[in-house]
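Student: I would like to go through this structure and ask what the terms rest on.
Tutor: Go ahead; here it is.

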Amino acid sequence: PTKEDILFSDHLALELSLAEALAQRPVGSEALDVLRDFLVESLSRFDDQARVRWQIVRHDPLLRSHQRARQAEFGKVIAAAIALDLREEVDDLRPQLVTAAVIAAFTATYEHRFSVRSRAASREQAVAVIDEAITFLRGGLEAIRAFPKPY
């Protein structure tokens, strides 16, 4: 329906693939581990299209806003998996906090990956950035688990 829909045409397929990966995760595996593996596997699948999109989006605040809104749509899928891990309802505060952090971390990771500074970044460097983000998120998730629920 819009020009932006053309630019972000792969987002729905990516969201559906992520939903499937999270739904099929082995019993006892954490959502963050599945997210990490999904992102690493997605590096080669979507890298060229994502790089071209970033070249278009990076200088246009309106398009960056559209992109971030599309990335935020992954939150529904992620929140459901995090809620399951926390044994809480999807609309409870804790799953929503973790989901917001996941979206922010992976938006920053994506933008860093295709920024001028990391234009020549290797796959190994990209995986290291993803692993750093997952480590950060895991620390936050563990902190939330350890914090006594005041409500």
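Tutor: Start with helix H3, which gives 9 residues to the lining of the largest cavity, the most of any element. Keep in mind that this is a predicted model.

Student: What makes this space a cavity rather than a pocket?
Tutor: A cavity is a set of points where a 1.4 Å probe fits but cannot get out, whereas a pocket is open. The structure holds 1 cavity of 30 Å³ or more, and the largest cavity has a volume of about 560 Å³.

Student: Which residues line the largest cavity, and which lie nearest its centre?
Tutor: The lining has 25 residues, and Leu14, Leu39, Gln71, Phe106 and Tyr110 lie nearest the centre. At least two lining residues come from each of H2, H3, H6 and H7.

Student: What makes a group of residues a nonpolar core?
Tutor: The members must be buried residues of the listed nonpolar kinds, joined through side-chain atoms within 4.5 Å. The largest such core here has 29 residues, and Leu18, Leu22, Leu32, Ile78, Ile82, Val102 and Phe106 touch the most other members. Helices H2 (11–23), H3 (31–57), H5 (75–86), H6 (93–113) and H7 (123–146) each give two or more residues to this core. H7 gives the most, with 8 residues.

Student: What does Ile82 touch, leaving out residues up to four places away in sequence?
Tutor: Ile82 touches Ala31, Leu32, Pro95, Val98 and Thr99. There is also a second, separate core of 8 residues, including Leu7, Ala50, Val57 and Leu63.

Student: Which residues of H7 are buried?
Tutor: Ala126, Val127, Ile130, Ala133, Ile134, Leu137, Leu141 and Ile144 are buried in H7. Each is called buried because its relative accessible area is under 20%.

Student: Why is Asp60 called partly exposed?
Tutor: Buried means under 20% and exposed means over 50%. Asp60 has 29% relative accessibility, so Asp60 counts as partly exposed.

Student: Where is Asp60, and what lies 2.9 Å from a polar atom of its side chain?
Tutor: Asp60 is in the loop between H3 and helix H4 (61–72). The backbone nitrogen of Leu62 lies 2.9 Å from a polar atom of the Asp60 side chain. The cut-off for a polar contact is 3.5 Å.

Note on methods
Residues are numbered from 1 along each chain as its sequence is written. This is a predicted model: local features need pLDDT of at least 70, side-chain atom pairs count only at pLDDT 80 or more; totals for chains, interfaces and linings use all residues. Side-chain values use heavy atoms; hydrogens and water are left out. Buried means under 20% relative accessible area, exposed over 50%, partly exposed in between (1.4 Å probe, protein chains only). Helices (H or I, at least four residues) and strands (E, at least two) are DSSP runs, numbered from the N terminus. Contact means heavy atoms within 4.5 Å. A polar contact is a pair of N or O atoms within 3.5 Å; within protein, one must be able to donate a hydrogen and the other to accept it, and residues adjacent in sequence count only if both atoms are side-chain atoms. On a 1 Å grid over the protein atoms alone, a cavity is a set of points where a 1.4 Å probe fits but cannot get out, and a pocket is an open set with protein on both sides within 12 Å along at least five of seven lines; lining residues have an atom within 4 Å of a point. Grid points are joined across faces, edges and corners, and a volume is the space filled by probe spheres set on the points.
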